[in-house]
Amino acid sequence: MAKVQIDELDREEQDWVENSLIEAERRKCVRKVLDIQKLTAVAKGDNYTSDLSRLRVKVQQLDGRVVDRWVIYKTLPHTALRHKYMKQAGLFRTEFRMYQDVLPELESIRREKEVGEPYWGESYALRNYESLLLEDLSVLGYKMGQRKEGLDLKHCSIAMRALGKFHALTAIHRERGNLIISDFERHFLERNIEMMGKFYTMAFEDLTKSLETKWEDEWKVYAKALRKLNETLIKDLHKNFTIEHEKFNVLNHGDCWVNNVLFKYDAENNPVSLRFIDFQMSFYNSPGYDLQYFLNTSPSYDVRLKKNELLQIYYESLTTSLRSFEYEGEIPTMEDIHNGLQKAALYGLVTAVSLLPLMLLKKEDVPDMEEMLKLSEENPEDVPTGLISTDTEAYRNIMKIVLKDFEERGILQL
């Protein structure tokens, strides 16, 4: 469709268009809410740090019509221990900052050069750092990809392009002096060392025992390397999160895996667009962290062998976007991206070891997080193990690729 400049319309036509749209939108405004119905928003195993509901809100508009509005209601967990730990973790405070301050600014920047849909949903209301009303993206046709099977090449390619664009927008936002870095300087792990330390230690211990007792003999040397790494894991992770301000940094999504990426499909069921959700763990640092997180959790088995292809897609999207939005800083090279990946490599291994078992579980086998926290409180000196099964063929096949990769990166010293 040809673009028409506004100066091609005379003043009377402009006024008519403006007033017509204002009046049309005014008539859609809510006069009153007639009914609210609360429905389940996600299946078991698709969300761990909050409670999500879909609200079907029957409203009467100013024009008299009665229609349904759908929204997502996101709150701190209602069970006692989950509520306690998630509130202490500060996840909602981070997400509030993203929805209230950052994402609207990123969208404003995006619209300088682009049309079409944004890369995230809209927030309608935020309350007391404990609850949010969010756009229900399922109404627009967005849905989660295959969690258990992992994402195929088409899905991963779209995700890499979107992530490159997202990172570029945050770099522009930072360059213009509008991103308050102090809100995002510390990673979730740094603020919650005790809780996350137990979780990561448990995951490493489970994998180590499985390697020692159930895998082929050739993998026992990896068990020894993992056990050695686990001795100083949290200290080493904490050190790696130091921001190198002289390097290229972005605002990372922070929790960029299959559960937090929604896709829209065409008539042939091909993914055509993407929305990121769940910005509770966003933080400022090397883009390598988001890349490690996504690439070690979300691709299907065969796509994991095409990591370099995905990185090239990401890099082209990132650099093209930086140039398009007239970034004045030094454009990162592919070597810079690989250096960022190496900086975040230990975190990538931790992500794979801790999240892959959850990703590959059947819904009915997902452990109850409240019970896990209860066990931890009852035995504060002990790290519970065996709560998440790692004894599946799918997990072994993927972890063999992961372990070999991190051996080559020098993270696992055999």
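Two strands are taken to pair if DSSP finds at least two bridges between them. On this basis, the predicted model contains an open sheet of three strands in the order E6-E8-E9, with antiparallel pairing.

Strand E8 (residues 261–265) and E9 run antiparallel and are joined by five bridges. Within this pairing, Leu262 has Arg275 of E9 as its bridge partner, and Lys264 stands opposite Ser273 in E9. Helix H4 (residues 153–175) packs on the sheet, where it touches E8 and E9, and its direction makes about 45° with that of E9. The hairpin of E8 and E9 has five residues between the strands, and Asn269 in this hairpin takes a positive phi near 65°. The pairing of E6 with E8 is also antiparallel and extends over two bridges; here Lys143 stands opposite Phe263 in E8.

Strand E8 is mostly covered, with five of its five residues buried. The burial involves both faces of the strand: Val261, Phe263 and Tyr265 are buried on one side, and Leu262 and Lys264 are buried on the other.

A further open sheet comprises five strands in the order E1-E2-E3-E5-E4, again with antiparallel pairing. Strand E1 (30–40) and strand E4 (123–127) stand at its edges; each has a single partner strand, so one side of each is left without a neighbour in the sheet. From one strand to the next, the twist averages 25°. Strand E2 (residues 51–61) is joined to strand E3 (residues 66–75) by 10 bridges, and the two run antiparallel. Among the paired positions, Leu52 has Lys74 in E3 as its bridge partner. Helix H3 (residues 91–110) lies across E3, E4 and strand E5 (131–135), and runs at about 40° to E5.

The largest nonpolar core has 109 residues. The residues with the most contacts inside this core are Tyr200, Leu211, Phe276, Leu349, Met399, Leu403 and Leu412. Helix H12 (residues 345–360) supplies the largest share of the core, 12 residues. When neighbours within four places in sequence are left aside, Met399 is in contact with Leu207, Trp215, Ala352, Val353 and Leu356. A second, separate core consists of five residues, including Leu55, Val57, Val59 and Val71.

Asn252 is found in strand E7 (residues 250–252). The relative accessible area of Asn252 is 0%, and a residue is classed as buried under 20%; Asn252 is therefore buried. A polar atom of the Asn252 side chain lies 3.0 Å from the backbone nitrogen of Asp290. Not counting residues up to four places away in sequence, Asn252 touches Phe166, His167, Ser282, Phe283, Tyr284, Asn285, Ser286, Pro287, Tyr289 and Asp290.

Definitions and conventions. Residues are numbered from 1 along each chain as its sequence is written. This is a predicted model: local features need pLDDT of at least 70, side-chain atom pairs count only at pLDDT 80 or more; totals for chains, interfaces and linings use all residues. Side-chain values use heavy atoms; hydrogens and water are left out. Helices (H or I, at least four residues) and strands (E, at least two) are DSSP runs, numbered from the N terminus. Axes are lines fitted to C-alpha atoms, for helices over the stretch in contact, and angles run from 0 to 180 degrees between N-to-C directions. Contact means heavy atoms within 4.5 Å. A nonpolar core is a set of buried Ala, Val, Leu, Ile, Met, Phe, Trp, Tyr and Cys residues joined through side-chain atoms within 4.5 Å. Buried means under 20% relative accessible area, exposed over 50%, partly exposed in between (1.4 Å probe, protein chains only). A polar contact is a pair of N or O atoms within 3.5 Å; within protein, one must be able to donate a hydrogen and the other to accept it, and residues adjacent in sequence count only if both atoms are side-chain atoms.
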